[in-house]
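Have a look at it first.

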Amino acid sequence: MFLRYSHFGFKRVFRQTGGGISNRAREGAGRKGLDQYQRVIIAMALTRNPSLVICDESTTALEAQRACHITPSPMETARRGYTEVRGRRRRRKRVLMSDSTSNSMTAAELADRVPDIVIITGLSGSGRTQAMHVFEDMGYFCIDNLPPRLILQLAELVGINAGIGRHLAVTCDLRSQGLFDELLDAIQELRAHEMSCKIVFLEASDEVLIRRYSENRRRHPLAMAGETTADAIQRERVQLASVRDRADMIIDTSRMRTTALRTRLRHAFSELTDQQLMEVQVFSFGFKHGMPVEADLMIDVRFLPNPFYDPEMRTMTGLDEKVARFVLDNPKTKEFLDAWFRLLDAVMPGYVAEGKPQLSIAIGCTGGQHRSVAIAEATARYLERQQYHVTISHRDLPRANRTATGEAH
């Protein structure tokens with residue numbers, strides 16, 4: 001098991017460590033301060049005996065003395081057999097590695113894999129905008145066309161040096177005068193402040209760039225009066241040669257589809273798998289309130305037995321245990337869920353392979369109160385067990401029938 005904890009990502013950690021932990025952590029959230037809450041999360045994660053835990057944690061949350069309000073014995077037991085390595089950054093990064101993983105992955109490799117800041121540059125028309133969209137989908141704080149001299153100030157404003165944990169991606173081009181000198185100065189400043197940085201350089205052949213500008217009917221942004229697109233491209237290529245030599249990654253997008261570019265950047269700069277990067281939104285709805293237009297997948301569960309006709313459950317919802325058991329324990333429902341989950345197992349990997357950043361699954365019954373709610377909850381739990389990033393909502397539950405009369409839901 002691989003588990004990475006950060007301030008902005010602990011909800012995802014809950015999903016990856018199991019529903020029981022998620023529920024118990026949420027129950028204690030209102031009674032504990034933020035630092036105590038973080039220690040509870042880390043302690044409970046360690047008790048599951050993961051092979052590797054990386055904690056972007058600036059407090060001493062892993063110290064047993066500071067976490068005495070947590071049961072000490074599980075905390076101490078979980079720490080046994082792990083090697084603690086302190087990162088070299090100002091943001092103290094703790095890496096706990098079991099003996100089975102310490103030989104294959106060093107702390108330096110883990111720290112360098114995903115830098116604090118990614119600078120995207122390269123030829124105009126080579127795909128910088130598409131690359132920026134990929135980093136946005138990965139949760140980076142993104143700024144387009146930022147002068148390099150402002151990168152450090154932006155990084156401090158975002159809070160990278162304070163241990164918040166969010167990464168930064170910026171694009172820079174020749175419209176910033178003295179790009180190469182400014183980039184070198186910016187990188188040196190970032191390193192002086194113990195922030196890691198990598199440069200991604202995008203390029204393409206002259207023929208492909210000329211075709212792209214022709215298809216988009218756009219003028220090259222650096223073209224001078226009377227200058228052809230080919231001349232502008234060649235001049236830009238010469239001026240960016242020194243930046244290209246300094247780049248950490250060079251990507252030729254001449255024959256690369258957007259999905260291939262997304263895959264390569266995700267593999268290089270994401271701490272999560274493609275499966276975890278796709279956000280799956282599961283929601284219930286009632287057909288009588290209108291069909292959702294945003295759904296990628298939609299299933300109609302009005303054929304299942306309806307709790308509405310039981311007077312005791314009429315005013316309840318699918319979130320109530322009695323209603324959920326009535327729906328889910330029915331043999332017809334079990335048969336349906338078996339087929340439904342097999343369908344999801346067949347189609348979900350395809351959506352992941354396509355690089356789809358978001359998938360909406362809508363589950364509907366008559367009123368969106370009983371059956372669809374219970375099935376949506378069951379679907380979300382199943383996808384979470386498959387390590388997908390899932391959010392669950394119930395569109396029409398606020399309209400639920402709370403009286404003993406009304407039409408079937």
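This is a predicted model: local features need pLDDT of at least 70, side-chain atom pairs count only at pLDDT 80 or more; totals for chains, interfaces and linings use all residues.

Residues are numbered from 1 along each chain as its sequence is written, and side-chain values use heavy atoms, with hydrogens and water left out.

The chain averages a pLDDT (the predictor's confidence in each residue, from 0 to 100) of 75, and 68% of the residues score at least 70. Over residues 1–37 the pLDDT is below 50, yet the model still gives this stretch 70 contacts (heavy atoms within 4.5 Å) beyond near neighbours in sequence. Residues 56–108 also stay under 50, with 114 contacts beyond four places in sequence.

## Overall make-up

The protein chain has 17 helices and 13 strands; these are DSSP runs numbered from the N terminus, with helices being H or I of at least four residues and strands E of at least two. Of its 409 residues, 48% are buried, where buried means under 20% relative accessible area with a 1.4 Å probe, protein chains only. Take the contacts between residues at least 6 apart in sequence: 75% of them join residues at least 24 apart.

## Two nonpolar cores

A nonpolar core here is a set of buried Ala, Val, Leu, Ile, Met, Phe, Trp, Tyr and Cys residues joined through side-chain atoms within 4.5 Å. The largest has 31 residues, and Ile117, Ile119, Ile151 and Val170 have the most contacts inside it. At least two residues each come from β5 (117–122), α8 (151–158), β7 (168–171), α9 (179–192), β8 (197–203) and α10 (206–216). Apart from this core lies another, of 30 residues, including Val301 and Tyr388.

## Ser284

Ser284 sits in strand β10 (residues 279–286) and is buried, at 0% relative accessible area. Its side chain makes a polar contact with that of His394 at 2.8 Å; such a contact is a pair of N or O atoms within 3.5 Å, and within protein one must be able to donate a hydrogen and the other to accept it, while residues adjacent in sequence count only if both atoms are side-chain atoms. Beyond four places in sequence, the contacts of Ser284 include Ile363, Gly368 and Asp396.

Definitions and conventions: Buried means under 20% relative accessible area, exposed over 50%, partly exposed in between (1.4 Å probe, protein chains only).
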